[in-house]
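Please examine the sequence and the three-dimensional structure shown below. The paragraphs that follow lead through selected features in turn.

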Amino acid sequence: MDTFQSLLAKKLSDALARAGLPDAGELTQATDPRFGDYQTNAALVLGKQRGENPRALAKKIVPHLDVDDVSEPPAVAGAGFINFKLRPAAIEKQALDVLRNGRLGVPETESPQRIVIDFGSPNVAKPMHVGHIRSTVLGDALARVAVFLGHEVIRDNHIGDWGTQFGMVIWGWKNLLDRKALQRDPLAEIVRIYKQTNEGASRDPEVREAGRQELVKLQAGDKENTDIWNECVAFSMQDFERVYKLLDVHYDLQCGESFYHDWLPGVVDRLLKAGVAEISEGAVVVFFRDDPELTDKPLIIRKRDGGFNYATTDLATIDYRVNDLKADAIWYVVGAPQTLHFKQIFAVTRREGYSTDLRHIVFGSVLGEDRKLMKTRSGENVPLRELLEEACRRARKIIDEKNPDLGEEEKNDIAEKIGIGAVKYADLSQYRTTDYIFSWDKMLLLHGNTAPYLQNAYVRIRSIFRKAGELDGFKLSSLPSFKLSELAERNLAKRLCQFAEIVPQVLTGFRPNILANYLFELANSFHAFYESCPVLKSDEPARSSRLALSDLTARVLQRGLDLLGIKVPERM
RNA sequence: GCGCCCGUAGCUCAACUGGACAGAGCGUUGGCCUCCGGAGCCAAAGGUUGUGGGUUCGACCCCCGCCGGGCGCACCA
């Protein structure tokens, strides 16, 4: 089905053709309600192209616009904008179409792709910390939106399970391990031995060398070291899984760096043979002499000592994703510090002739209240699991105050939905590339642009329907058409119709925050409607129409929040 | 030194990638509960978009120069 936007855009194209003008400009939601509901700058763009007066062009276009069924007569305004104001009858009809449409009117993409999304990527032998939250939450949301729009998505957790740190971990395991501590809290013990070994290595060259030897043995396939490595990976994965369960994040694939280990020599050989890479100062290096930005930034793919680094691994990973997984696109949801790295990697693959659509989706950092990278008091990274559990605890405390009569089990369930939702929403509602300051108080606020505010709007609607069921056994299947007599009703209905216009935009520019902002405005519109239009106490046909409007709001809220990976409670 | 990102109300952030008088929330001030959940609604005050130029019908957005902050630049991932 068409949205208002796509419908008006088509009608605009037709009108331009009839007026003997080329297609130009765009048709968008109005920037301000006083201009109407939709607007086009076609006349302005054409005016510039042809050196003609924009207002005169607009006046020439308007008579050719056949929009009588949806819009009041279009008006020329300002420098040459053409404004459209929707007719109430058109809103009623469109809202009904959306209500009956299983996808809430959201169109499927016309060019479905197979997309590998690389996000999360924690390191083994370290707990996940706040630094991982944006990648994980953002990547998951983008995956959900892409799936909903009809793409085939492979969520891949590129776990850091093969770094040089393993030499240290294995040496520590053999020399410092406390078995009892390992049983109590495996990951904490692994972190302890790693840190202690690291400190030892920085003082004592012999320890460092011993660690290096353990790494060499591991990479050569030594049985004992491989077993230790496997155990460390398994313990880490347990920690990750707990976090993923809390976050409701799931992967289709968890191919860590170790997965690509055997292919690295082949990658280097191939690039050497193809003349893409060359030997320089004993290392194998790719130079980008024709690229002014990278000309003085060579990429090492084999170190002087013969070892490979993560650039090599990333190249092998692209091979796998393109050749075996048949990816049309690969999205890397990875922090901004790696911008240069990905530019280099992408440049290499272009030189090799890959046509895959590679995107580095950067994001800003999570800062503490002091505007520095968020750390604990002692300067450590904040473990993600503890942060999430704290969010749930704080949510639980609020529920105890607001709604003490709920059962224990339900309270915990709600607390999890609110606490986790608040953390995710604080992240996703922000523009992707800006750093943001993590604040418990602001995040769990019950009003303002927060997850609890949106969840509350949903809960109020559910409450209406519980009551409706008690009163007269109301059933949604018997819905009549919309009758939107009040301004607040029409505003809400228009907003609901816009969901279909907003969702596809999330992927152009990878901006879940526009969906978050839309949902916030939707909740605003609903609350305004709720205040001024009684639902259950009104007479027919308004009553049924308002119930339908409420139902549709609940469904859009639920679906929209689901696309952000946020759950809604029935009560809170 | 070179490159990338950032600077918007007291605070935290938007602004649909060049559109109309730069919008929200928090906080502040003032209203609204005989009414479906007040975890709500309505309203007011608050701005030279870091700064100086430029491009054009039109600039928070693009270009150039400053100021201030963050990050990255050959063998860590």
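This is a predicted model: local features need pLDDT of at least 70, side-chain atom pairs count only at pLDDT 80 or more; totals for chains, interfaces and linings use all residues.

With which residue does Arg-87 form a salt bridge? The partner of Arg-87 is Glu-72, and the closest N and O atoms of the two are 3.7 Å apart; a salt bridge is a side-chain nitrogen of Lys or Arg within 4 Å of a carboxyl oxygen of Asp or Glu. This pair links distant parts of the chain, 15 residues apart: Arg-87 belongs to the loop between β4 (81-84) and α4 (88-100), and Glu-72 to the loop between α3 (54-61) and β3 (75-77). The element names follow DSSP runs, with helices (H or I, at least four residues) and strands (E, at least two) numbered from the N terminus. Arg-87 is partly exposed at a relative accessible area of 24%, and Glu-72 is partly exposed at 28%. Here buried means under 20% relative accessible area, exposed means over 50%, and partly exposed lies in between (1.4 Å probe, protein chains only).

Residues are numbered from 1 along each chain as its sequence is written, chains are lettered from A and ligands numbered from 1 in the order in which they are written, and side-chain values use heavy atoms, with hydrogens and water left out.

Chain A contains 20 helices and 13 strands. Its C-alpha atoms fill a box of roughly 85 × 70 × 40 Å along the principal axes. Of the 572 residues of chain A, 52% count as buried. Among the contacts in chain A (heavy atoms within 4.5 Å) with a separation of 6 or more, 72% come from residues 24 or more positions apart.

The structure holds 42 salt bridges. One of them joins Glu-189 to Arg-192, with the closest N and O atoms 2.8 Å apart. Both residues lie in helix α8 (residues 186-203), 3 residues apart, which is about one turn of the helix. Glu-189 is buried, with a relative accessible area of 4%, whereas Arg-192 is partly exposed at 33%. Another salt bridge is formed by Glu-489 and Arg-546, whose closest N and O atoms are 3.0 Å apart. Glu-489 lies in helix α18 (residues 487-502) and Arg-546 in helix α20 (residues 542-563), so this pair ties together parts that are 57 residues apart in sequence. Glu-489 is buried at 0% relative accessibility, and Arg-546 is buried at 7%.

Attention may now turn to helix α13 (residues 339-351). This helix has 13 residues and reaches 18 Å from its first C-alpha to its last, close to the 18 Å expected at 1.5 Å a residue; the expected span is 1.5 Å times one less than the number of residues. Its buried residues are His-341, Phe-342, Gln-344, Ile-345, Phe-346, Ala-347, Val-348 and Thr-349. The cover over the buried residues of α13 includes α11 (264-273), β8, β9 (299-302), α12 (310-324), β10 (329-333) and β11 (357-361). Just after α13, Gly-353 takes a positive phi of about 95°.

Sugar and phosphate make up 57% of the atoms of RNA strand B that come within 4 Å of the protein. A polar side-chain atom of Thr-434 lies 3.0 Å from a phosphate oxygen of RNA strand B, and one of Ser-463 lies 2.7 Å from a phosphate oxygen of RNA strand B. For Val-535, a backbone N or O atom lies 2.9 Å from a base nitrogen of RNA strand B.

Helix α19 provides the largest share of the surface near RNA strand B, with 8 residues. His-527 is found in this helix, α19, and is buried at 12% relative accessibility. Leaving aside residues up to four places away in sequence, His-527 touches Tyr-453, Asn-456, Ala-457 and Arg-460.

Methods. A residue is near a molecule or strand if one of its heavy atoms lies within 4 Å of it. A polar contact is a pair of N or O atoms within 3.5 Å; within protein, one must be able to donate a hydrogen and the other to accept it, and residues adjacent in sequence count only if both atoms are side-chain atoms.
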